[in-house]
Amino acid sequence: MSTILGIAAVPVAFGIALAVLFVRRFILTRSGTVAMAIRIYRRVPGRGWAPGFAKYEQGRLQWYRMFSYAPRPRVVLDRSDLKVEERREPVDAERQIFPPSVVILCCQAPAGEVEIAMTRSALTGFLSWLEAAPPGAASRFYRGD
């Protein structure tokens with residue numbers, strides 16, 4: 001009997017874990033989010049991207065990993081400290097990960113370089129948010145290369 005309960009517990013635990021992921025995502029995305037990926041590590045060229053979604057709140061971009069149980073954002077970028085250095089298309093291994101509609105931004109933040117991948121429509125919203133700061137706060141940081 002205990003063997004049957006042990007075997008039955010595995011799919012139940014898996015179902016609960018999956019349900020928690022969906023509930024977390026529902027709670028975090030109900031106020032509007034944008035899908036984007038951030039490069040978490042750079043050990044292997046073209047790799048290290050993590051899918052997620054971002055919320056724009058009070059001058060900050062809060063990025064959450066898509067497949068995580070963490071209730072807090074993994075990356076927080078302050079609009080006033082963020083500078084877009086370069087805009088580029090996916091190259092090499094990144095072409096296998098992202099569809100052709102994705103653009104990669106190389107940004108500078110106080111913590112160092114941050115690479116963000118998003119669709120062109122999300123890019124328009126991101127640049128509008130970046131430039132919509134109070135006069136002189138962030139608009140000088142965007143270079144239109």
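Tutor: A word on conventions: residues are numbered from 1 along each chain as its sequence is written, and side-chain values use heavy atoms, with hydrogens and water left out. Because this is a predicted model, local features need pLDDT of at least 70 and side-chain atom pairs count only at pLDDT 80 or more, while totals for chains, interfaces and linings use all residues.

Student: Thanks! What pattern does the protein follow, read along the sequence?

Tutor: Helices (H or I, at least four residues) and strands (E, at least two) are DSSP runs, numbered from the N terminus. The protein has three helices and seven strands. Along the sequence, the pattern is α-β-β-β-β-β-α-β-β-α.

Student: Is Glu-115 buried or exposed?

Tutor: Glu-115 sits in strand β7, residues 112-119. Buried means under 20% relative accessible area, exposed over 50%, and partly exposed in between (1.4 Å probe, protein chains only). With a relative accessible area of 5%, Glu-115 is buried.

Student: Which residues meet the side chain of Glu-115 in salt bridges?

Tutor: A salt bridge is a side-chain nitrogen of Lys or Arg within 4 Å of a carboxyl oxygen of Asp or Glu. For Glu-115, the N to O values are 2.9 Å with Arg-39, 3.6 Å with Arg-42 and 2.8 Å with Arg-88. The partners are therefore Arg-39, Arg-42 and Arg-88.

Student: How many residues apart are Arg-88 and Glu-115 in sequence?

Tutor: The side chains of this pair meet in a salt bridge. Arg-88 lies in strand β5 (residues 83-88) and Glu-115 in strand β7, so the pair ties together parts whose separation in sequence is 27 residues.

Student: Is Arg-42 buried, partly exposed or exposed?

Tutor: Arg-42 is in the loop between β1 and β2, 73 residues from Glu-115. Arg-39 is buried at 11% relative accessible area, and Arg-88 is buried at 17%. Arg-42, at 36% relative accessibility, counts as partly exposed.

Student: Which residues do salt bridges that share partners join into one network?

Tutor: The structure holds eight salt bridges. Joined into one network are Arg-39, Arg-42, Arg-88, Glu-94, Glu-113 and Glu-115.

Student: Finally, what percentage of the residues count as buried?

Tutor: The protein has 145 residues. Among its contacts between residues at least 6 apart in sequence, 44% join residues at least 24 apart. The buried share is 37%.

Key: Contact = heavy atoms within 4.5 Å.
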